[in-house]
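Reader: Before I rely on the labels attached to this structure, I would like to go through them with you and ask on what grounds each is given.

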Amino acid sequence: MPSALLAGATGLVGGHLLRLLLEHPRYERVTALVRRGLPVSHRKLLQREVSFDQLAELGSVPRADDVFCCLGTTMSKAGSREAFRRVDYTYVVELARLASEQHARQFLLVSALGADPASRVFYQRVKGEAEEAVRHLRFSAVHIFRPSLLVGRRNEFRPAERVGIAVARLISPVLVGSLRRYRPIDAATVARAMIRVALDGSRGVHVFGSDRIQELGVES
């Protein structure tokens, strides 16, 4: 029975992932890396409080078979390009490096639609650079998920994002064919897709666009 390591458990996708991992009979232990303790108690859950700014100095992270990375922020919340890059690139790559050194089997990363290390858009370029760095680490499998606009209940209020979601939902029916990948997607759907892929056992590097994530995350 595999064990899981989750970073970003307080986020939109990470919150759903934590619940699903704890409920899933295939996982015997779930370790959550957190800045502060979560108000969650479960016989399978181990919480480890860490400073993500000091991941490089940790030396190691708890051993796990499957590592789920849901770390990320926004430009407005980060406050600067430097702060954004620290979360969405440095934290992600350092976590992946430490997990690789602990011989984790696979790394599952929530990235973003349009991620590209050559992009002129700073957000998408940083996401693409993080993907590229993770791809070259020693895992049996690397799974990269590129969801479109995430929907779901957040703990924080983001007025601009709510307007964007409302507009996206309004035009979603006309986004067909190659445009389907731009439809907003529920965070719970992304979480279900990640677990399904993790348990599939495939090897190599795989990238899942938003439309494919939607297909994989449909509730059975």
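Reader: What is the accessible surface of the chain, and how much of it belongs to carbon and sulfur atoms?

Author: The accessible surface comes to about 11400 Å², as computed by the Shrake-Rupley method with a 1.4 Å probe, and 49% of this surface belongs to carbon and sulfur atoms. This is a predicted model, in which local features need pLDDT of at least 70 and side-chain atom pairs count only at pLDDT 80 or more, whereas totals for chains, interfaces and linings use all residues. Residues are numbered from 1 along each chain as its sequence is written, and side-chain values use heavy atoms, with hydrogens and water left out.

Reader: Why is α4 called roughly parallel to α5?

Author: Helix α4 (residues 81-101) and helix α5 (residues 122-135) pack at an angle of about 15 degrees, their axes being 9 Å apart. Angles under 35 degrees count as roughly parallel, and α4 is therefore roughly parallel to α5.

Reader: What makes arginine 35 partly exposed?

Author: Arginine 35 has a relative accessible area of 48%; buried means under 20%, exposed over 50%, and partly exposed in between, so arginine 35 is called partly exposed.

Reader: Where does arginine 35 lie, and which residues is it in contact with, leaving aside its neighbours within four places in sequence?

Author: Arginine 35 lies in the loop between β2 (29-34) and β3 (45-49). With those neighbours left aside, arginine 35 is in contact (heavy atoms within 4.5 Å) with Glu49, Val50, Phe52 and Tyr91.

Methods. Axes fitted to C-alpha atoms, helices over the stretch in contact; angles between N-to-C directions. Helix = DSSP H or I, 4+ residues; strand = E, 2+ residues; numbered from the N terminus. Parallel < 35°, antiparallel > 145°, perpendicular 65-115°, else oblique. Buried < 20%, exposed > 50% of the residue type's maximum accessible area, 1.4 Å probe, protein only.
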